[in-house]
Amino acid sequence: AFLVLLGALVLPLVPSRARGKVFLLFPLGALWICWNLSTDQSLAVEFLQYRLSVLYVDRLSRIFGIVFSLISFAGGLFALHLRDARQQVAALIYAGGALGLVFSGDWLTLFFFWELIAFSSTVLIWSRQGTGSRVGLRYLLVHLFGGSLLLAGILGEVHVSGDIVLQLLETGRLSSWLILGGIALNAAIPPLHAWLSDAYPKATVTGAVFLSAFTTKSAVYLLARVAPGWEILITLGVIMALYGV
């Protein structure tokens with residue numbers, strides 16, 4: 001994640017003709033790192049009175065990391081012709097946010113990358129001329145609301161458990177349902193799906209490729225991480241399938 005985010009800082013300094021090719025190096029490097037991660041690796045740092053698990057690797061996070069790196073590379077390949085530095089930088093930040101979320105081992109780190117995804121993806125909508133600005137604002141407000149639900153739930157979880165380590169949610173807690181609500185919004189589960197059909201067609205063509213890859217898929221990963229086995233997810237999954245048809 002930090003390698004891809006570093007790329008977002010470096011890319012504006014690269015000449016426009018070479019920028020598309022240089023773009024590809026960072027997701028390719030991230031793919032190499034993810035491929036070589038072992039499932040027992042972790043990294044923790046002290047922050048205030050908490051111990052942040054900024055890297056947590058298991059089989060689930062590793063496979064999502066590999067897939068997200070591949071998608072980032074494929075998206076960059078599709079956008080090889082692009083000369084717009086703003087879109088290229090936003091796309092790398094977006095991909096870095098998704099990778100950071102996947103390997104987060106605590107709620108605070110996860111929330112940071114969750115919001116990074118929201119803001120960087122908004123830029124890809126704003127990059128389109130005309131209606132993009134209005135749609136982008138609606139998109140941002142919706143995702144800030146979802147982030148607020150997630151944050152409220154996280155605060156509740158930390159209050160109950162006294163720890164910020166990412167752990168399975170319990171169905172009997174209000175905080176768990178708030179977290180599920182925030183995730184469900186990003187996953188575009190009906191009736192929390194209107195932002196998707198509103199925003200994706202109004203993004204740039206390149207932006208739509210990245211939008212389709214990361215926001216909802218990051219939410220699906222998080223459901224698998226914190227709410228596996230929740231019976232309601234079966235019902236919601238069926239509703240999503242039928243509504244989509």
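Guide: Welcome! The model is predicted, so local features need pLDDT of at least 70 and side-chain atom pairs count only at pLDDT 80 or more, while totals for chains, interfaces and linings use all residues. Residues are numbered from 1 along each chain as its sequence is written, and side-chain values use heavy atoms, with hydrogens and water left out.

Visitor: Why is leucine 25 called exposed?

Guide: Its relative accessible area is 54%. With a 1.4 Å probe and protein chains only, buried means under 20%, exposed over 50%, and partly exposed in between. Leucine 25 therefore counts as exposed. This residue is found in helix α2 (residues 16–36); helices are DSSP runs of H or I with at least four residues, strands are E runs of at least two, and both are numbered from the N terminus.

Visitor: How do you know that the buried residues of α1 are on the same side?

Guide: Val4, Leu5, Gly7 and Ala8 are buried in α1. They cover an arc of only 145° around the axis, so they sit on the same side of α1; the arc is that of the directions from the helix axis to the C-beta atoms. The face turned away from that buried side carries the exposed residues Phe2 and Leu9.

Visitor: What makes β1 and β2 a pair of strands?

Guide: Two strands pair if DSSP finds at least two bridges between them. Strand β1 (residues 42–47) is joined to β2 by 6 bridges, so they pair, and they run antiparallel. Glutamate 46 stands opposite arginine 51 in β2. In this hairpin, which has 2 residues between the strands, leucine 48 takes a positive phi near 55°.

Visitor: What makes one space a pocket and another a cavity?

Guide: On a 1 Å grid over the protein atoms alone, a cavity is a set of points where a 1.4 Å probe fits but cannot get out, whereas a pocket is an open set with protein on both sides within 12 Å along at least five of seven lines. Lining residues have an atom within 4 Å of a point. Grid points are joined across faces, edges and corners, and a volume is the space filled by probe spheres set on the points. The largest pocket has a volume of about 280 Å³. Of its 14 lining residues, the closest to the centre are Ala1, Phe2, Ile33, Leu55 and Phe103. The largest cavity holds about 40 Å³, and the largest share of its lining, 3 residues, comes from α4.
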